[in-house]
Amino acid sequence: MSFPKTQSEWRTALDALPSTPEKIPAFFFGHGSPMLIARQVTNSPMPSATGPEGDLAKFLRDFGPALRAKYKPKGIVVFSAHWETTGVRHVTDYGDRNPLLMDYFGFEPYYYQQTFESKGDRALAERVVQLYKESDQEAKLSGVRENRGWDGRTSPPRPGPGFDHGVFVPFKLMFGDKVDDVPIVQVSIESSGDPEQNWAVGKAVSKLREEGILVLAGGLTVHNLRDPKQFSEKAASPNVMMFDQAITVAASRSQLDERKQSLFDLVKHDGFAQAHPSAEHFVPLYVAAGAGEDGGVQVISAIYSAPTIAFGI
């Protein structure tokens, strides 16, 4: 099977997405790292391909405008690898200004001066909580007074609320430094790392897609900070390379039962443990697949370690 890897190919794939604001697909996307907004190439363990002039940054700059044009979303609900909770989904309720949680440490001041302005929406947040309760899953609102992680703007880091870098960094490239016309709400993923539980996390909010809401789940298909060479397509081990390729093949299976089983089986792949010492960057794939299980699938880009896949076409 052949999947889009170059800019011309992924632009063709984006153009081919059906314009269906009445039922918006759910998307898994590679959210990258703070290196996406670096002002110059650095000595990061991430390869230059994941920097500001790399393929992922170029793709995200194409991806966001295409989503806005195709679906004209009334709101965005986003899941990130960087917000895990156990048993209870936390849903941001930040009001007119979504704060940022700069959950990275030891970076130069430039990275802590970044901005991304957006607003929340109480009605949308409450709708998300309602859908979880209807699916017999616990959920609660999380306001600006509730700490959800550690912020690296101070030394030592301080706890705080806000969108983590798995949201605001890619969104800066996708939508610009300010989004004032579409509310954004973030929801936590399930910390167990269990594929079936995270599939259910996505499935519970699938009705939002028929209510004009864009559902996005950000992660990475390779994330091993202990072995940085795995981030490079040229240097990664054969098992990790085969694992990354197996993901797009599994996601592309046309029959739901086969697709679901193939995606669940990925955690048993010989390359999984080397690609993911922990599962949090991988399981957002299941969130997106669950949210869009009732339709076709299209691989929009097959960028190594950071593909984008549309579920529910």
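Modeller: Buried here means under 20% relative accessible area, and exposed means over 50%. Bear in mind that this is a predicted model.

Colleague: Is His-165 buried or exposed?
Modeller: His-165 is found in helix α4. Its relative accessibility is 6%. The cut-off for burial is under 20%, so His-165 counts as buried.

Colleague: How many nonpolar, polar and charged residues make up the contact of α2 with α4?
Modeller: α2 passes α4 in a right-handed crossing. From α2 come Ala-57, Leu-60, Arg-61, Phe-63, Gly-64, Pro-65, Leu-67 and Arg-68, and they meet Pro-170, Leu-173, Met-174 and Phe-175 of α4. By class, the contact of α2 with α4 has two charged, one polar and nine nonpolar residues.

Colleague: Is α1 parallel or perpendicular to α2?
Modeller: Helix α1 (residues 7-16) packs on α2 at about 15°, with the two axes 10 Å apart. Angles under 35 degrees count as roughly parallel. α1 is therefore roughly parallel to α2.

Colleague: How does the contact of α1 with α2 divide into nonpolar, polar and charged residues?
Modeller: On the α1 side are Gln-7, Trp-10, Arg-11, Leu-14, Asp-15 and Ala-16; they meet Asp-55, Lys-58, Phe-59, Asp-62, Phe-63, Ala-66 and Lys-70 in α2. The residues of this contact of α1 with α2 divide into six nonpolar, one polar and six charged.

Colleague: Is α5 parallel or oblique to α9?
Modeller: The axes of α5 (residues 195-203) and α9 (residues 284-291) come within 6 Å and cross at roughly 45°. Roughly parallel would need an angle under 35 degrees. That makes α5 oblique to α9.

Colleague: Which residues make the contact of α5 and α9?
Modeller: The crossing of α5 and α9 is right-handed. α5 contributes Pro-195, Asn-198, Trp-199, Val-201, Gly-202 and Lys-203, while α9 contributes Tyr-286, Val-287, Ala-289, Gly-290 and Ala-291.

Colleague: What should the 14 residues of α6 span, and what are its end C-alpha atoms apart?
Modeller: α6 covers residues 238-251. The expected span is 1.5 Å times one less than the number of residues. The 14 residues of α6 should therefore span 20 Å, and this agrees with the distance between its end C-alpha atoms, 20 Å.

Colleague: What covers the buried residues of α6?
Modeller: The buried residues of α6 are Val-240, Met-241, Phe-243, Asp-244, Ile-247, Thr-248, Ala-250 and Ala-251. Their cover includes α7 (256-265), α8 (272-275), α9, β9 (297-301) and β10 (308-311).

Colleague: What do the buried residues of α3 pack against?
Modeller: In α3 (residues 122-134) the end C-alpha atoms are 18 Å apart, in agreement with the 18 Å that 13 residues should span. The buried residues of α3 are Leu-124, Ala-125, Arg-127, Val-128, Val-129, Leu-131 and Tyr-132. These buried residues of α3 pack against β2 (75-85), β3 (88-92), β4 (138-142), β7 (184-190), α5 and β8 (213-219).

Colleague: Is Lys-72 buried or exposed?
Modeller: Lys-72 lies in the loop between α2 and β2. Its phi is positive, about 40°, although Lys-72 is not a glycine. With a relative accessible area of 62%, against a cut-off of over 50%, Lys-72 is exposed.

Colleague: And Ser-305, buried or exposed?
Modeller: Ser-305 lies in the loop between β9 and β10. Phi of Ser-305 is also positive, near 75°. At a relative accessible area of 2%, Ser-305 is buried.

Colleague: Where is the cis peptide bond to Pro-156 placed?
Modeller: The bond from Ser-155 to Pro-156 is cis, with omega near 0°. Pro-156 has its place in the loop between β5 (149-151) and β6 (158-160).

Notes. Residues numbered from 1 in each chain as written. Predicted model: local features only at pLDDT ≥ 70, side-chain atom pairs only at ≥ 80, totals over all residues. Heavy atoms only, no water. Axes fitted to C-alpha atoms, helices over the stretch in contact; angles between N-to-C directions. Helix = DSSP H or I, 4+ residues; strand = E, 2+ residues; numbered from the N terminus. Parallel < 35°, antiparallel > 145°, perpendicular 65-115°, else oblique. Left-handed = near helix turned anticlockwise from the far one by under 90°. Contact = heavy atoms within 4.5 Å. Buried < 20%, exposed > 50% of the residue type's maximum accessible area, 1.4 Å probe, protein only. Nonpolar A, V, L, I, M, F, W, Y, C, P; charged D, E, K, R; others polar.
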